[in-house]
Amino acid sequence: MSNYYNPVKIIKTENWLLELNKSIKNLKISAPIIVTTPGNRKRFRLDSKFDPQSIFSDMGSNPNFVDCINVVEFCQNNIFDGVIALGGGSAMDLAKVVVAHLSLGISDIVELIEYKEPFPQTIPAISLPTTHGTASEVTMWGTIWNMDEKKKYSISHPDLYPTVAILDGNLTLSLPLNISITTVMDALSHSFESIWNKNANDTSTNFAITAICAILENGEALKASPFDLTIRKKLLNAATTAGLAFSNTTTAAAHSMSYPLTINYGIPHGIASSISLIPLLKINKKQIENTLEKICKGNKLTFQQLINKIESIPKGIIPYKLSAWGIKESELEKLANESFTKGRMDNNIVDLNTTDVVDIFRSIYN
């Protein structure tokens, strides 16, 4: 890719509500829908800040077709001219379904996902991430799960980039440590996946290097000081920077391999998407030597110390072996066969086959 593109306006602040109200005014939004989770609705007392009738929070941890149907029905009972997403990747991904529905007037979820023509109208969208991982606030796609089919879908369209992303580390302070580390690892995966990627360009790679260095510097420190706002802000900025990287490359093998882990075993996305990082780093090493040298030099690490540093972030907080998640060794080949998502696995800079993936799974089994 010779050109880099990302249209999202990023605002960094320590007063998210003030900036949100400014953005609502600047974008001339008169009736926004707020898409969030039940926990965030309560945690940030959103009912006292917005019309409760405009808040949709009837969703689970991973947006699925039922959530999509429910939020579309919610929209049909109201007149909304803007979308505000406050939450992690799930809320922000679901908000993209809302943007597509409001822009197109289409209610069928599959039609919304498959629509590729320019939107006839644009709906302003504001995203406020409450985790430092998914970076949905700066990408044009969202992940939707069909639990009946046990299948992952992506809604993706250039008109689904949020208009504004508001970053406030205060929104992440109440995030439990295990979820915090999980999202950090997701951001680390986004960064590396955009480097060992056939779609990489100089700009995306530079964003990824910046994100990786910040995560390596602050990831383990978060475990010792989970309420340190400075650390949270740095990790939030790193996650968004990683998003700026993979918004142009999309993800690759690690994410492709993560989908069957999540759909079949319920492994949280951030863990599933990063559990294979170390073996993939070794496989792709020769193809990204110059970039790895910059990362190692910037953090004063040897290659082995880089591996140790990555492994140290989730250590003691999250199990990073497949066996710990209830997976049987006899199921690895089946998982490998389900790991080849088009537009993800084929992005990896080194082409992988089923045997390669089985070997990766075996290396992280026990």
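Trainee: Hi! Which helix gives the most to the lining of the second largest pocket?
Mentor: Hello! That is α11, which gives 4 residues to the lining of the second largest pocket. Keep in mind that this is a predicted model.

Trainee: Which elements each supply at least two residues there?
Mentor: For the second largest pocket, they are α11, covering residues 277–284, and α13.

Trainee: And what is the volume of that pocket?
Mentor: The second largest pocket has a volume of about 290 Å³. Its lining is made of 16 residues, and those closest to its centre are I275, I278, E311, Y320 and K321.

Trainee: How does that lining divide by class?
Mentor: The second largest pocket is lined by 10 nonpolar, 2 polar and 4 charged residues.

Trainee: You mentioned α13. How does α13 pack with α7?
Mentor: Helix α7 spans residues 202–224 and helix α13 spans residues 303–312. They pack at an angle of about 35 degrees, and their axes are 9 Å apart.

Trainee: Is the crossing of α7 and α13 left-handed or right-handed?
Mentor: α7 and α13 cross in a left-handed way. On the α7 side the contact uses L216, E220 and K223, while α13 brings L306, K309, I310 and S312. By class, the contact of α7 with α13 holds 3 nonpolar, 1 polar and 3 charged residues.

Trainee: Now the largest pocket. How much space lies in it?
Mentor: About 1,000 Å³ lies in the largest pocket. There are 47 residues lining it, and S61, N62, G89, S90 and T134 lie nearest its centre.

Trainee: Which element has the largest share of that lining?
Mentor: α6 does, with 6 residues of the lining of the largest pocket. α6 covers residues 177–195, and the elements that each supply at least two residues also include α2 (38–43), α4 and β6 (141–146). α9 (253–265) and α10 (269–272) belong to that group as well.

Trainee: What classes are those lining residues?
Mentor: In the largest pocket, 15 lining residues are nonpolar, 28 are polar and 4 are charged.

Trainee: Okay, new topic. How many cavities of 30 Å³ or more are found?
Mentor: Searching the whole structure finds 1 cavity of 30 Å³ or more. The largest cavity holds about 50 Å³ of space.

Trainee: Which residues line the largest cavity?
Mentor: Its lining is V83, A85, M92, A95, K96, V99, A125, I126, S127, L160, Y161 and P162. Two or more of the lining residues come from each of β4 (82–87), α4 and β5 (125–129). α4 has the largest share, with 4 residues. The lining of the largest cavity has 10 nonpolar residues, 1 polar and 1 charged.

Trainee: So back to α4: at what angle does it pack with α3?
Mentor: Helix α3 (residues 65–76) and helix α4 (residues 89–104) pack at about 45 degrees, with their axes 10 Å apart. Because of that angle, α3 counts as oblique to α4.

Trainee: In what kind of crossing does α3 pass α4?
Mentor: The crossing of α3 past α4 is right-handed.

Trainee: Which residues meet there?
Mentor: From α3 come D67, C68, V71, V72, C75 and Q76, and they meet L94, V97, V98, H101 and L102 of α4. The contact of α3 with α4 counts 8 nonpolar, 2 polar and 1 charged residues.

Key. Residues numbered from 1 in each chain as written. Predicted model: local features only at pLDDT ≥ 70, side-chain atom pairs only at ≥ 80, totals over all residues. Heavy atoms only, no water. Axes fitted to C-alpha atoms, helices over the stretch in contact; angles between N-to-C directions. Parallel < 35°, antiparallel > 145°, perpendicular 65-115°, else oblique. Left-handed = near helix turned anticlockwise from the far one by under 90°. Contact = heavy atoms within 4.5 Å. Nonpolar A, V, L, I, M, F, W, Y, C, P; charged D, E, K, R; others polar. 1 Å grid on protein atoms, 1.4 Å probe; cavity = no way out; pocket = protein on both sides within 12 Å on 5 of 7 lines; lining within 4 Å. Points joined across faces, edges and corners; volume = space filled by probe spheres on them.
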